[in-house]
Amino acid sequence: MSNDYPARLYVEVTTRCNLRCSMCVKQTEGCGIAEADMPFEVFSRLASCLPHAEAVLLNGVGEPLLHPQLPEMVRFARQHMVPDAMLGFQSNGLPLTPQLAERLLAAGLSTVCLSVDSIASAEMETLHGGGQTMSLGRSFAMLREARQRTGNDRFRIGAEFVIMRRNLHELPQVVRWASEQGAAYMLASHVLPYDERAVAESVFTQDSPEVLAFFGEWRDKAAALGLDLDRYYSLFRKFHRSEDEKRLVAFVQEMQQAASAQGISLHLKRLIEQSGAIPLAEVEAVFAEARAVAEECCLELHLPTAAARKERRCDFVEDGAVFITPDGGAHPCYFLWHRYSCHLDGQKKTVRPERFGSVAFSSLEAIWRSPEYASFRKDVCAYEYPDCSSCTMGPCDDMTGEMGPFEHDCHGITVPCGHCPWCLGGLQCLL
């Protein structure tokens, strides 16, 4: 695909939803996402970029099935896209009817990814699928039957699972259940904590395996020397220290110097205080069991990393994605799509959208090629901004947004990406 056009279009056809899920950004305090449907006139202005797109995803924070013109949008997009390009969306599936399913598949839809976060009745009204397994099963059946009636053999049914402490161990069973319902693939992602209560639900390890291995070696060295790393922060500001306390401070300084020499950033406080977290080995064991079930069921399983990857990568910018809001606004990524708040590294973070124009007033390719947007993408892919998630002193006011709009980080970089959780590998969406 040409770099003159975006390769992946995320088109938020609606921000309305029929559910109020506990882990959703729309349920958080101070959320600035207004309820709106994208007018067809705005959607039609994407026509010039559709022939160049590898994939078009018709969803954002809302439920796409609620848009009254969704089948017409699917038909319009398919008429302008190359035949093998992917056209689909994620959905909770509950508003689906047999008639709507048939209209969507007849229009050329290539995939629907249904949210299934639990098949346990105990999670009723809190997670997708909890207490609604029969309803979700009917949605899967409607899609299977519509594929048969329309002859749309390319259409694939998928499932999506948000990994949390409360449902982690259900993952292998949900993989099997989704396969039995006709899912060809399944996508799993760690939860992004949008409020303080959700922080405890995350089982993602923010430190890379390399960092964990390094710290583990030095923790064992400390124990062999009779030093208790858990005491470090309690005496960090202590003026009069005992000889053992001085030895501990000197040991930590030596460890930090060794890490720096190896190019390793240590978030020391988090590493020391991680006792309440689910062990990485336990998460990886569940992932391994889920992979084994998926292989047995011939289901294509896409799992996130269990721990932060060593090298950051912005999949959205690297892969040529653009995100369009219902009013036509063009944004660079999922994280900078709306105004909202989330909780990262122990603090509330206010996120403000990055907007580069609107397709209501200009063509998408003109926005994409504008110097401002092109420069933004170049700066993102340079990765010269700090990794705020590994900073022991952070997150600072520049990153939390509590003092006002972002201007630049401690490195002087003007793209607000240093504290983005997506590039660590734990979050995924339909691509």
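Phe-356 is buried, with a relative accessible area of 16%. That value falls under the 20% cut-off for buried. This is a predicted model. Phe-356 pairs with Tyr-373, and Tyr-373 sits in helix α13.

**Aromatic pairs**
- The model holds 21 aromatic pairs.
- Phe-356 and Tyr-373 form a stacked pair, 4.4 Å centre to centre, with 0° between the planes.
- Phe-356 lies in the loop between β11 (347–351) and α12, while Tyr-373 is in helix α13, so the pair ties together parts that are 17 residues apart in sequence.
- Tyr-373 is buried too, with a relative accessible area of 0%.
- One aromatic cluster is formed by Tyr-10, Phe-316, Phe-323, Tyr-334, Trp-337 and Trp-422.

**Helix α13**
- Helix α13 covers residues 371–382, which makes twelve residues.
- An α-helix has 3.6 residues a turn, so residues three or four places apart point the same way.
- Tyr-383 follows α13 and has a positive phi, near 55°.

**The sheet**
- Nine strands make an open sheet with mixed pairing, in the order β7-β6-β5-β4-β3-β2-β1-β8-β9.
- β7 (300–302) and β9 stand at the edges with a single partner strand each, so one side of each has no neighbour in the sheet.
- Strands of a sheet pair through backbone hydrogen bonds, either parallel or antiparallel.
- β6 (residues 185–190) and β7 run parallel and are joined by three bridges.
- Tyr-185 stands opposite Glu-300 in β7.
- Helix α4 (residues 133–150) lies across β4 (111–115) and β5 (156–163), and runs at about 155° to β5.

**A buried loop residue**
- Ser-208 lies in the loop between α6 (196–199) and α7 (209–224).
- Ser-208 is buried, with a relative accessible area of 8%.
- Leaving aside neighbours within four places in sequence, Ser-208 is in contact with Ala-308, Arg-309 and Lys-310.

Key: Residues numbered from 1 in each chain as written. Predicted model: local features only at pLDDT ≥ 70, side-chain atom pairs only at ≥ 80, totals over all residues. Heavy atoms only, no water. Helix = DSSP H or I, 4+ residues; strand = E, 2+ residues; numbered from the N terminus. Expected span 1.5 Å × (residues − 1). Buried < 20%, exposed > 50% of the residue type's maximum accessible area, 1.4 Å probe, protein only. Contact = heavy atoms within 4.5 Å. Pairing = 2+ DSSP bridges. Axes fitted to C-alpha atoms, helices over the stretch in contact; angles between N-to-C directions. Phe/Tyr/Trp six-rings, centres within 6.5 Å; stacked < 30°, edge-to-face > 60°.
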